[in-house]
Amino acid sequence: MITAVTDTGRVPPLGLGTKLLYAVGATATNLKHRAISSFLVIFYNQVVGLPAQMVGAILMTALVFDAVLDPLLGQISDNWRSRWGRRHPFMLVSAAPYAAAFFFLWNPPPGWSDGALAVYLAICLFSVRFFDTFFEVPHQALAPELAKGYDERTNLIALRQIFVLFGGAGMMVLALQYFLKENSDGSGGVLARDGYFLYSLTGALIIFGAIILSTIGTAHRVPYLSTAPTRPITFRGMLSEAAATLSNRAFIVVSLSGLFVAVAAGAKSGLDIYFGIYFWGLSQGELAMLATLNLTGGLAGVALAPVLGRALGKKRGALLASSTGIIVHIAPMSLRLLGLAPENDTTALFLLLSTDEFANATFAAASGILTASLIADVVEDAQVRTGRRSEGLLLSANTLVRKMVSGAGVFTATTILAFSQFPDDAKRGQVPESVLTALGLAYIPTMIGLYAIALLLLFAFNIDRRKHEANLETLRSRGFN
C-alpha cells in the first residue's frame with residue numbers, strides 16, 4: 001500500500017529488496033527500446049513491406065514528440081503533490097496502456113495499404129512512447145532521491161542496469177531462440193510474421209508486471225522522498241524554472257554527449273540483424289549466441305562500472321569505456337573491408353565476432369552506467385544553484401537519450417540502408433557484394449564521428465567526487481536531507 005507523505009526525520013537505509021524492486025522497473029523500458037531498435041525496421045520493412053525510410057521518418061517524428069513531452073512531464077512530476085508522492089501516480093497509471101500499445105505495435109492488420117499501415121504504425125508508436133514517458137521519467141527520477149552518495153548512486157544504477165540487460169538482451173535471446181526461431185528448413189525466423197504475435201504478447205505482459213512490481217515495491221519509501229514545494233505555479237513560471245535548471249553547464253554537456261552515443265547505439269541496433277544475416281552470413285542460431293554474449297558482456301560491464309568509477313572517477317571511467325568500446329566494435333568490419341577478416345561460415349570468423357560482441361557489450365554497459373550516474377549528480381548541483389530539486393526534469397534528459405536509440409538512431413540506420421541501396425525483401429546470400437561494401441563504408445565513419453563528438457563533449461563535464469560531496473554538504477547546511 002502506498003503511504004501518505006509525512007515528516008519523517010531520519011531516513012532509514014535503503015534495503016537490498018527495495019533496490020531490486022526499484023531496478024526491476026528498468027526491464028519494461030529496455031524491453032521496449034531493444035524491440036524497437038532491433039526489430040521494428042526489419043519487421044515493418046522486410047515483413048510488412050513499408051519502405052525503410054518511411055519507417056525511419058515516423059520514428060523521427062515520434063522523437064520530436066518526445067523532445068517536448070519528456071521534459072514537460074518531468075517538470076510536472078517535480079511539482080506534483082499527492083498523498084502518493086511526486087512519482088508513483090504517474091508510474092502506476094502507465095502500466096496497462098503501455099503494455100497494450102506495445103502489443104498492438106507488432107500486430108498490424110494484414111492487407112492494408114502502405115498509407116494506412118503508416119498511420120497505424122504512427123499511432124501505435126506514439127502511444128508506446130507516450131506511456132513509456134509516464135513511467136520512465138518518474139522512475140529514473142527516483143534514483144537520485146533513493147541514493148544520494150557518489151558511489152552509492154553508481155551502485156544503484158549498476159543494479160538497474162542488470163534489469164536493463166535482461167529486458168533488452170535477455171528478451172533478444174528469447175526472441176531469436178524461441179519466438180522468432182528459424183526452422184531447419186529455413187522457414188520462420190525474424191522475416192516471418194507468425195512469431196511476432198507471441199513475442200509481443202509476452203513482452204506486453206513483462207512490461208505490465210515490471211511496472212507494477214517496481215511501483216508497489218518502492219511505495220513504502222514515499223514518506224522519505226522529497227515533496228513538491230507548496231506554492232502557486234503557472235505554466236510560464238514552470239518554463240522559467242525549467243530554463244534556469246537546464247542551463248546548468250554540466251547538464252548540457254553530459255546530455256549532449258549522451259545524445260550522440262545514443263544515436264550511434266540506435267544505428268548499431270537497427271543494423272545488427274542486417275549485418276549479421278547479410279554481411280557476415282550468420283544463421284539465426286549464431287545470432288542468438290551473439291545475443292547471449294551481449295547479455296553476459298553487459299553483466300560484466302555492470303561489475304566493471306563501479307570499479308572504474310572508484311578508480312578513475314565517473315567521467316574518466318566513462319571516457320575510457322566509450323573509446324575502448326567503439327574501437328573494439330569497428331575492428332571486425334574494418335578488417336573485412338581491408339580483406340583481412342576470416343571468410344564467412346568459418347569458426348575463426350565466429351570467434352572474432354563473439355569476442356567483439358562480448359567486449360563491446362562490456363564497455364557499452366560500463367559507459368552507460370557511469371554516464372547515467374553523472375546525470376544524476378547534476379541534481380544536487382542544480383539544487384545548490386536554484387534551491388529546487390528537479391530530478392524529473394533533469395532525468396527526463398536521460399530518458400530522451402534512451403529514446404534517441406529508437407528514434408534518431410534507427411533513422412540513421414535507415415539512411416545508411418538507403419545510401420547503400422539495400423534492397424527490400426532481400427534474400428540471404430543474394431545481396432550484391434558492392435551493396436554490402438557500401439553498407440560497411442557508410443557505417444564505420446558514421447559511428448566514429450558520432451562517438452568522437454560525444455567524447456569531446458564529455459571532457460567538459462565539471463562535477464567530480466569532491467564537488468559532489470561539497471554540494472551535499474551545502475544542501476545539508478541549508479536544511480535539506
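# Chat on an all-residue look at one predicted chain

Me: How many helices and strands does the chain have?
Reply: The chain has 16 helices and 0 strands. Helices (H or I, at least four residues) and strands (E, at least two) are DSSP runs, numbered from the N terminus. This is a predicted model, in which local features need pLDDT of at least 70 and side-chain atom pairs count only at pLDDT 80 or more, while totals for chains, interfaces and linings use all residues. Residues are numbered from 1 along each chain as its sequence is written, and side-chain values use heavy atoms, with hydrogens and water left out.

Me: What share of the residues is buried?
Reply: Of the 481 residues in the chain, 56% are buried. Buried means under 20% relative accessible area, exposed over 50%, and partly exposed in between (1.4 Å probe, protein chains only).

Me: And how much accessible surface is there?
Reply: About 18800 Å², with 66% of that belonging to carbon and sulfur atoms. Accessible areas come from the Shrake-Rupley method with a 1.4 Å probe, and for residues only the protein chains shown count as cover.

Me: What about contacts between residues at least 6 apart in sequence?
Reply: In the chain, 86% of those contacts join residues at least 24 apart. Contact means heavy atoms within 4.5 Å.

Me: Switching to aromatics. How many pairs?
Reply: The structure holds 24 aromatic pairs. In one of them, the rings of Phe275 and Phe279 have centres 5.4 Å apart and planes at 75°, so the pair is edge-to-face. Rings of Phe, Tyr and Trp (its six-membered ring) pair if their centres lie within 6.5 Å; planes under 30 degrees apart count as stacked, over 60 as edge-to-face and the rest as tilted.

Me: Where do Phe275 and Phe279 sit in helix 9?
Reply: Phe275 and Phe279 are 4 residues apart in helix 9 (residues 249–279), so about one helical turn separates them. Phe275 is buried at 5% relative accessibility, and Phe279 is buried at 5% as well.

Me: What does Tyr278 pair with?
Reply: Tyr278 forms an edge-to-face pair with Phe422, 5.1 Å centre to centre and with 65° between the planes. Tyr278 lies in helix 9 and Phe422 in the loop between helix 14 and helix 15, so the pair ties together parts that are 144 residues apart in sequence.

Me: Are those two buried or exposed?
Reply: Tyr278 is buried, with a relative accessible area of 6%. Phe422 counts as buried too, at 11%.

Me: Which residues make up the aromatic cluster with Trp106?
Reply: Phe39, Phe43, Tyr44, Phe102, Trp106, Tyr178, Phe179, Tyr196 and Tyr199 form one aromatic cluster.

Me: Which helix gives the largest share of the patch?
Reply: Helix 7 (residues 195–218), with 4 residues. Leu205 lies in helix 7 and is exposed, with a relative accessible area of 58%.

Me: Gln46 next. Buried or exposed?
Reply: Gln46, in helix 2 (residues 26–48), is buried at a relative accessible area of 10%. A polar contact of 3.1 Å joins the side chains of Gln46 and Asn45. A polar contact is a pair of N or O atoms within 3.5 Å; within protein, one must be able to donate a hydrogen and the other to accept it, and residues adjacent in sequence count only if both atoms are side-chain atoms.

Me: What is Gln46 in contact with, leaving aside neighbours within four places in sequence?
Reply: Val41, Leu191, Tyr274, Pro423, Asp424, Asp425 and Ala426.

Me: And what does Lys268 touch?
Reply: Not counting residues up to four places away in sequence, Lys268 touches His329, Glu357, Asn360, Tyr443 and Met447. Lys268 is in helix 9 and is buried, with a relative accessible area of 11%.

Me: Last one: what is the phi of Asp345?
Reply: Asp345 has a positive phi of about 65° although it is not a glycine. Asp345 lies in the loop between helix 11 (314–337) and helix 12 (347–386) and is exposed at 72% relative accessibility.
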